[in-house]
Amino acid sequence: EIFKNSAEASVIVAREIAQLIQAKQAKNKPCVLGLATGSSPIKVYEELVRMHKEEGLSFSNVVTFNLDEYYPMSKENNQSYFYFMHQHLFNHIDIDPENVNIPDGTVPFEDLNQYCIDYEMKIKNAGGLDFQLLGIGRTGHVGFNEPGSHINSGTRIITLDHITRVDASFDFNGIDFVPKRAVTMGVSTILRSKRIVLMAWGQNKAEIIKRTIQGEISSEIPATFLQNHSNTTFVLDQSAASEL
Ligand code: GLP
């Protein structure tokens, strides 16, 4: 779906999420959301906060699982995805903090394997993801599933691609300060979501969007695995769609 601009598109995506939350509320059920960071989802979170404040949208039945976190990374660090999510969403809504799950960048290295297995299990025990929001990196990563990620991969620690670290270097005031690794949900974790919306804005995403949607499915561009998911929508602005 191609929209005139990201503001219009984000409102549509936020509305879909709000409707899902309310439909689950009506059935007294939890709504399990997979959430993303980066600049792409910011306006979606803004709109959800607005709906909470102005229209009484409640998040009391919402359980969230974030895609990824840099490793190592403290929660207080304002580059952390923990910080990002609280700043843009969680601090402004009525979600139960117990229902917020973000990969923990402070887990000791030797405990990470078990931590990742437990993260997967927690998603499963919550009933699986009802909705997964995604951005896309210029490498074709979703979450931090960089080129080479297997379709069956689960939550794990990965090494960031050089291009990803270059793209993050502005936020970290230089590439030397960008962590080399991250914890991310896997490709299979994402593909098990009942519904997926991937958002991309701007000209610098146009090439990877073309390769993701029209290229052959390959772990070289992990986002291409979405082609086989039966309920995925790519939500684009005109610039991101300009090479399709
Ligand atoms: C980071 C995140 C991804 C995100 C990507 C794109 O690498 N781990 O989940 O999709 O950046 O970021 P942006 O939305 O800022 O373009």
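Reader: Why is Asn-173 called exposed?

Author: In this predicted model, Asn-173 has 10 other C-beta atoms within 10 Å, and a residue counts as exposed if that number is 12 or fewer; Asn-173 is therefore exposed. Its place is the loop that runs between helix H5 (162–168) and strand S8 (181–184), and its phi is positive, at about 60°, although Asn-173 is not a glycine.

Reader: What makes Asn-28 exposed, and where is Asn-28 placed?

Author: Asn-28 has 7 other C-beta atoms within 10 Å, and since the limit for an exposed residue is 12 or fewer, Asn-28 is assigned to the exposed class. Asn-28 sits in the loop between H1 and S2, where its phi, near 60°, is positive in a residue other than glycine.

Reader: How do you know whether Gly-34 is buried or exposed?

Author: The count for Gly-34 is 25 C-beta neighbours inside 10 Å, and because 20 or more are required for a buried residue, Gly-34 counts as buried. Gly-34 belongs to strand S2 and stands opposite Gln-132 in S6. The C-alpha atom of Gly-34 is separated by 9.9 Å from that of Thr-189, a residue 155 positions apart from it along the chain.

Reader: How do you know that strand S2 (residues 31–35) pairs with S6, and in which sense do they run?

Author: Two bridges join S2 to S6, and pairing requires at least two bridges between the strands, so S2 and S6 count as paired; they run parallel. On S6 there is also a pairing with strand S9 (residues 196–200), again in the parallel sense, over three bridges, and in S9 the bridge partner of Leu-134 is Leu-198.

Reader: What makes both faces of strand S6 (residues 131–134) count as covered?

Author: Phe-131 and Leu-133 on one side, and Gln-132 and Leu-134 on the other, are all buried, which leaves both faces of S6 covered. In a regular strand the side chains alternate between the two faces of the sheet.

Reader: Why are S1 and S5 called edge strands?

Author: The open sheet has seven strands in the order S1-S10-S9-S6-S2-S3-S5, with parallel pairing. Strand S1 (2–3) and strand S5 (100–101) each pair on one side only, and they are the edge strands. For S1, the link to strand S10 (residues 232–237) is made by two bridges, with the strands running parallel, and Ile-2 has Leu-236 in S10 as its bridge partner.

Reader: What is the peptide bond from Tyr-71 to Pro-72, and where does Pro-72 lie?

Author: That bond is cis, with an omega near -10°. Pro-72 is in the loop between strand S4 (68–71) and helix H3 (81–88).

Reader: Which residues are closest to the ligand, and how does the shell divide?

Author: The ligand is surrounded by 13 residues, of which Gly-38, Ser-39, Ser-40, Gly-135 and Gly-137 are the closest.

Technical notes:
Residues numbered from 1 in each chain as written. Predicted model: local features only at pLDDT ≥ 70, side-chain atom pairs only at ≥ 80, totals over all residues. Near = placed C-beta within 6 Å. Helix = DSSP H or I, 4+ residues; strand = E, 2+ residues; numbered from the N terminus.
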